[in-house]
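Take a walk through the model shown here.

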Amino acid sequence: MDSVYQALVDIVGQEHVSNRQEELFIYSFDLGTTEPHRPDYAVAPRTTEEIQEIVRLANREKVPVVPLGGGLSLAGLAVPFKGGIALDLKRMDSIIEVNEKARYALVECGVSQAQMVSYLERYHPTLTHSEPGAPGPATIGGNVAIHGQGDLAQPYGFNSDMVNGLEIVLPTGEVCRFGSCSISSGWFTLHPLPDLGLFLGWSGTTGIITKVSLRLFPCKRIRGVGQFVVENEELVPEVIHKLTHTQMAEDIIAYSQAVPPFSSGLQHFLINLAADSEKELEFKQEIIWDDTLGEYIRRGDGGFLGFRQGLERPVVSKTSDWRKGGGFEYVGAIMPVDTYPECYRQGREISERHDIPYTVLGRCIGMAHAMMFSWTYAFNRADPESIKQAREALHETDDLALELGGTLWKPGLYGQKLVMERMDPHTLELMKKVKQLLDPNGIMNPGNWEVS
Amino acid sequence: MSGILVVAEHRNKSLADIVHQMLSKGRQLADQAQVELLAVVIGRDIDASAAELARWADRVIAVKNDRLEEPLAGPYQKALSPLIRERKPKIVLMGHSSFAMDMAPSLSVELEAPLATDCVDISLQNGDVLVTRSIYNGKVNAIHSFAQSETVIITGRVGEFPVEDCHRQGQVEEIEFASEEGFNYKKFEGYLEEEAGGVDITQAEVLVSVGRGIKEKKNIQMAEELAEVLSGVVSCSRPVVDYGWLPSERQVGLSGKTVKPKLYLGLGISGAFQHVVGMKGAKMTVAINKDAKAPIFSVANYGIVGDILQVVPELISKISELKGKTG
Amino acid sequence: MAVIDYKYKDVIHRCFRCGYCKFPNNWIDVNNCPAYARFRMETYSCGGRLWLVRAWVNGEIDWSEHFAQIVYSCTACKNCEQQCPLRFNVDIVNMIVAAKSEMVERGEIPPSAKEFLENVQRQGNPYGNSREKRGEWMEGTGIEAYQGQEFLYYVGCVGSYDTRGQKTARVLGKVLQKAGVSFGVLGNDENCDGNEVRSLGEETLFEMLAEENVAQFQSLGVQKIVTLSPHSYNAMKNDYPGFNGGFDVAHYTQLLQSLISDGRLDVSGGVNATVTYHDPCFLGRWNEEYEAPRNVLKSIPGIQLIEMERNRDGALCCGGGGGNFYIDLLGGSEDSPARRRVREAHETGADVLAVACPNCLTMLEDAVKAEELEDKLTVKDVAEIVGEACGIK
Amino acid sequence: MDIVACIKRVPDTSEVDVIKIDASQKDIEKDRLVFKINDWDEYVLEEAVQLREKLGGTLTAVTVGHNDWDDVLRRALAMGADTGIRIDQDVSAEDTHVVAKILKTVIQQIPHDLVLFGAQSEDFGSGQLGAMVAEMLDIPHATLVVGLEAEEKRVRVNRELEAGTLESYTIELPALLTIHTGINQPRYISLGGIKRAMKKELQVMSLSDLQLSPDALNPMVRLEKLELPPKGEGAELITGAPGEAAEQLTKILKDTGIF
């Protein structure tokens with residue numbers, strides 16, 4: 001009898017561990033173009049203690065552990081490249097505490113974005129969190145682990161900037177806490193203790209996030225989306241610059257896509273506004289549409305396409321059905337805002353070369369401090385040629401983003417290699433030391449972020 | 001009417017239990033018909049068994065053969081058919097065992113002698129032999145007679161013929177059996193015992209036994225709970241083993257274990273004779289089955305005609321309640 | 001070996017496995033796919049199941065008992081079709097049933113599903129009970145056999161054979177009598193409606209049942225049918241027309257609604273209870289009938305109706321669909337959908353959980369016992385509540 | 001390997017409360033009963049089809065009865081048998097010897113390396129037929145087989161003894177085996193499969209086709225009459241709804257010191 005399997009059964013119970021072909025098949029894929037790799041076990045723990053025992057077992061037996069939440073990172077970050085245990089964390093889905101006064105939520109890592117949205121709407125309507133617009137089951141833990149951003153990125157930055165505290169299971173099985181929670185019962189701030197942020201952006205290669213305290217923000221009564229469009233992509237950086245100067249907007253997104261054809265080549269803006277009263281809303285609208293964007297409209301360089309109240313969640317999965325193929329993957333990069341025109345033009349050129357309708361999107365982070373720019377390539381899961389085309393387009397885009405002076409966000413193996421090649425050697429050396437210090441047996445999500 | 005011949009099944013150096021039941025019935029029929037009771041035993045070291053047969057039979061025929069330590073249908077048939085042709089017994093009687101099912105039908109064809117198997121009663125009515133068989137899994141009895149024939153072969157159901165002690169000093173006659181026939185085309189390879197370990201239901205004081213009426217594997221968990229509350233063990237009838245819901249070590253009955261618990265609680269067990277044979281020794285038997293006509297009800301002390309999925313959960317809560325108060 | 005003629009070969013690959021299908025419309029809980037709620041492994045989510053079926057169809061994985069169990073744990077509750085944002089969502093349940101059909105034709109299905117279908121082939125009901133006992137439920141109720149009355153009251157297998165289901169069948173019969181409705185029943189001659197047989201993938205057996213039932217109804221001159229179970233209602237309303245069986249079919253809550261509003265059924269006797277209503281999938285999502293049962297309950301004085309978080313098209317299935325009330329692949333744990341639903345009902349503070357389907361009734365009543373909530377929450381069919389309001393014992 | 005499987009149709013009496021004996025007292029009233037394939041024969045067909053899938057060859061299913069017995073042959077064909085043969089003769093009142101003679105004659109006309117029977121039937125349960133036919137065909141046999149490995153020329157079998165013991169044999173082909181329940185997990189036969197099998201034609205033979213005259217088949221064992229078993233004293237029945245019955249039984253168990 002497989003002793004590791006039996007040990008896992010003793011830890012989580014017979015129904016929450018499997019070494020059968022069906023589970024191994026499903027947990028060998030993510031939803032993108034990464035080649036599948038079979039794990040040896042799929043395990044769904046319910047508590048931090050269970051994860052500790054699993055990780056200790058993995059150390060003893062030198063079995064890789066690949067943690068995943070929704071498994072929707074679309075870059076192979078949750079694909080078990082070296083087999084081992086696929087650790088599905090979605091059963092850890094308790095919302096432990098929402099502190100209205102200090103505006104934070106303490107949640108288990110497996111709480112899904114959808115659950116968070118509906119829980120706050122239902123029980124804490126004056127609070128909201130920065131929702132990344134990923135499909136519902138994407139988890140809070142997974143999102144911060146890859147420095148995700150959401151619809152409050154413009155005013156408040158990366159979701160990982162909104163972390164007030166973390167509970168981590170180290171690759172050697174100990175539980176650590178970072179932030180005020182390590183010395184008191186409150187989870188209200190990550191700083192000012194010595195900064196040990198060795199787990200965000202590492203995509204689960206240095207430890208497993210089990211609890212997250214996430215900052216929440218005021219949720220005003222009225223929330224809506226204004227739409228603006230310009231023909232000339234050169235104007236986009238200055239428009240974003242002006243919009244961020246007003247400090248009136250929440251999410252600012254600029255996007256352009258080939259479908260539907262009449263909008264191809266145009267640059268669309270989505271500008272989220274929030275207000276507690278009609279008076280406040282009119283005031284903000286006036287500043288944005290008359291004082292800021294008015295000149296473009298008057299010159300005919302841009303057009304106002306209306307304002308719609310109510311925050312309709314984007315359903316990004318629709319992109320996967322454009323080619324009736326059930327698949328898409330995108331390169332996300334953190335770029336300077338003024339590179340938008342080049343990102344759009346060269347991105348469009350790559351798409352057309354690979355016969356894929358182009359879709360690009362830039363989400364402003366902070367006061368035009370940077371933007372998350374994504375190039376999306378849909379493919380047809382049943383057509384290997386279209387997967388190959390998408391994969392090539394993705395790699396070319398990885399190169400493009402770095403050439404344009406940006407840095408890749410949650411890159412797959414190919415992108416990780418490019419980033420590490422360009423990284424200064426001492427920082428790279430420090431990364432290697434951190435990895436060895438925390439994960440002496442190299443069991444945590446091996447293959448990803450491996451410094452050669 | 002010529003004599004009655006009992007064929008004794010002889011295995012690992014002793015007589016099977018069923019043989020004494022057949023000897024007793026044979027003795028009673030022989031006395032009634034005032035004819036001789038013969039018994040035949042075949043094997044290697046059979047002297048002790050021959051002597052034991054002699055307490056019932058007027059004459060014992062011990063057929064010796066070194067290669068026949070274990071009862072093998074083919075060679076036994078080759079040894080018995082000339083003997084029967086020569087002695088012309090009116091009735092050849094043996095227990096309805098797995099061995100008999102292997103040999104009796106082919107013996108009957110070889111001898112052109114009528115055969116009635118698994119009989120629950122045998123009687124003589126003015127010189128004619130009548131047998132009773134239980135059919136439609138115990139819901140109907142069939143009475144059979146035989147066409148005119150020198151010899152009839154009958155196998156009797158285990159447990160239906162009480163053992164009566166007897167002290168007759170029968171004569172033991174030894175004959176050699178040398179024929180090579182019957183060994184070659186069917187080669188005996190040996191016995192397979194069940195691997196030990198796991199639960200030994202023969203030691204349990206209380207048995208909660210599940211039958212086909214449990215309908216699904218997941219309902220066995222309910223029986224486990226009931227067994228736990230009664231500090232007993234779960235056993236089962238054959239269909240549950242055939243479905244692979246419980247290992248064969250848990251099977252009560254002819255092809256499984258014989259048990260003598262203080263309480264045998266049957267859930268959804270119809271009570272086929274092969275099963276009843278294995279649990280008849282229970283001090284107290286309770287049966288719950290939704291088929292009012294299930295044969296188990298004629299064996300049990302207490303019975304509930306109802307759906308076990310409704311009754312058992314109530315039973316568990318009532319017992320734990322009572323135990324809780326006084327436990 | 002690969003499945004050659006799988007009907008949805010060129011559609012099933014379009015599933016992105018993004019997981020919207022796990023949620024109700026208000027996203028309040030990730031556990032609205034009953035099989036995923038029970039096992040919480042990706043293979044049991046609707047997307048996971050579609051990917052596995054596709055892998056089996058392409059020969060990437062072989063058939064196994066575990067694979068069959070995963071496919072058969074789908075209760076055809078249609079939450080996935082309600083939530084999936086992609087255009088092929090109308091065919092999701094059909095894709096799973098087509099996979100079951102392939103397994104049925106190969107004879108490789110879970111043992112309990114095999115027993116279910118063999119019992120229906122032999123005795124016309126999944127329990128395998130004798131056809132001679134199908135009418136036992138109506139003894140002593142004075143309900144007559146059908147000979148041309150206005151309505152055929154079709155009871156179904158659970159109402160006919162399950163002791164708890166029989167109780168509901170009797171009460172509904174008495175309520176209809178009280179309202180002076182002209183109706184009759186088929187008793188021992190009633191046969192399985194085939195709805196579960198179809199969602200278990202036994203296509204040909206379903207066709208035979210539908211043809212025989214339509215012929216029987218037509219020979220008796222049946223025009224209008226009122227069904228106790230939403231499962232029968234669904235088959236007769238949506239599938240029997242395909243076997244030229246065009247009847248005027250109503251679920252009994254729809255008939256009670258009109259009887260009460262026309263004043264033909266007096267419920268002024270009232271019932272004092274706080275009630276929460278569970279939408280059965282085959283009445284709700286399959287046939288978009290959400291209001292009739294609620295209107296019936298609201299028309300009874302003394303009833304305070306509270307909604308659960310997950311209601312109407314976002315309801316959590318009781319786990320009894322797709323034949324699972326018998327083959328029950330989702331039972332045996334506190335994560336079972338029925339037990340989750342019972343906890344949710346209890347949290348509303350209601351003391352009565354109202355259902356409108358005999359399958360839900362047996363599944364949720366067992367769950368109340370398993371959750372040890374017998375003295376805090378009672379499961380009652382809407383017919384039983386109406387019965388109380390009309391003073392029927 | 002050419003396999004012959006002999007199967008039987010029996011009434012389903014498991015779910016019937018009352019069985020009535022008809023006026024002739026020689027049979028039970030069957031008009032309201034539902035019929036099915038004999039339990040043991042389901043395992044026979046599954047084993048036969050699995051063997052044929054492994055070793056190739058032909059599979060012929062044989063039964064003896066009038067045309068309402070075609071449904072068991074349809075089932076065999078749906079499961080994978082190549083041909084189905086029915087001897088058009090009602091033998092329900094005959095003794096096993098007569099049936100054995102008929103089957104022996106049929107089997108002799110079909111290529112047969114391995115002949116499979118059910119260990120016994122659900123209705124009469126005599127367990128004689130297979131071994132009798134083997135003797136008549138003069139081929140070796142083994143009954144109550146619960147384990148079977150087959151090669152071209154021989155089979156290795158385990159047969160069931162009492163008290164959980166098995167005995168195993170190697171038997172040269174051609175041979176006859178009677179199959180016991182639990183040897184495999186019989187597959188589900190879909191109605192679609194049965195309908196498709198309707199298209200395969202069945203061979204129907206009469207006794208005269210087999211050069212057997214009815215009077216040559218005189219039964220050796222005659223049925224005198226059927227009767228209902230005497231009402232034994234039986235169990236003391238505890239009545240009432242599930243809750244009350246459970247209550248009373250709990251009291252009895254307490255009083256007798258079970259817990």
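In what order do the four strands of the open sheet in chain C run? The order is 6-5-7-8, and the pairing is parallel. Bear in mind that this is a predicted model. Strand 6 (303–305) and strand 8 (378–381) of chain C are the edge strands, each pairing on one side only. From one strand to the next, the twist averages 35 degrees.

Strand 8 of chain C pairs with strand 7 (residues 352–355) of chain C in the parallel sense, over four bridges. Within this pair, C:Leu353 stands opposite C:Val379 of strand 8.

Next comes helix 11 (residues 230–239) of chain C. Is helix 11 of chain C mostly covered or mostly uncovered? Helix 11 is mostly covered, with eight of its 10 residues buried. A residue counts as buried here when 20 or more other C-beta atoms lie within 10 Å of its own. The buried set is C:Pro230, C:His231, C:Ser232, C:Tyr233, C:Asn234, C:Ala235, C:Met236 and C:Lys237. What covers these residues? The cover includes three strands of chain C, namely strand 1 (151–154), strand 3 (224–227) and strand 4 (248–251). It also includes helix 9 (195–199) and helix 16 (358–370) of chain C.

Turn to chain A for a helix pair. Helix 7 (residues 236–246) and helix 8 (residues 278–292) of chain A pack at an angle of about 145 degrees. Their axes are 10 Å apart, and the crossing is right-handed. Which residues meet there? From helix 7 of chain A come A:Lys242, A:Leu243 and A:Thr246. From helix 8 of chain A come A:Ile287, A:Ile288 and A:Thr292. By class, this contact has three nonpolar, two polar and one charged residues.

Finally, the two chains meet. How many residues does the contact take from each chain? Chain C gives 32 residues and chain A gives 38 residues. On the chain C side, helix 2 (46–57) and helix 3 (65–72) each supply at least two residues. Helix 2 of chain C gives the most to that side, with four residues. By class, the side of chain C that touches chain A has 18 nonpolar, seven polar and seven charged residues.

How values were computed: Residues are numbered from 1 along each chain as its sequence is written. Chains are lettered from A and ligands numbered from 1 in the order in which they are written. This is a predicted model: local features need pLDDT of at least 70, side-chain atom pairs count only at pLDDT 80 or more; totals for chains, interfaces and linings use all residues. Two strands pair if DSSP finds at least two bridges between them. Axes are lines fitted to C-alpha atoms, for helices over the stretch in contact, and angles run from 0 to 180 degrees between N-to-C directions. Two residues are in contact if their C-beta atoms, placed from the backbone, lie within 7 Å. Ala, Val, Leu, Ile, Met, Phe, Trp, Tyr, Cys and Pro count as nonpolar, Asp, Glu, Lys and Arg as charged, and the others, Gly among them, as polar. A crossing is left-handed if the near helix is turned anticlockwise from the far one by less than a right angle, and right-handed if clockwise. A residue is buried if 20 or more other C-beta atoms lie within 10 Å of its own, exposed if 12 or fewer, and partly exposed in between; C-beta atoms are placed from the backbone.
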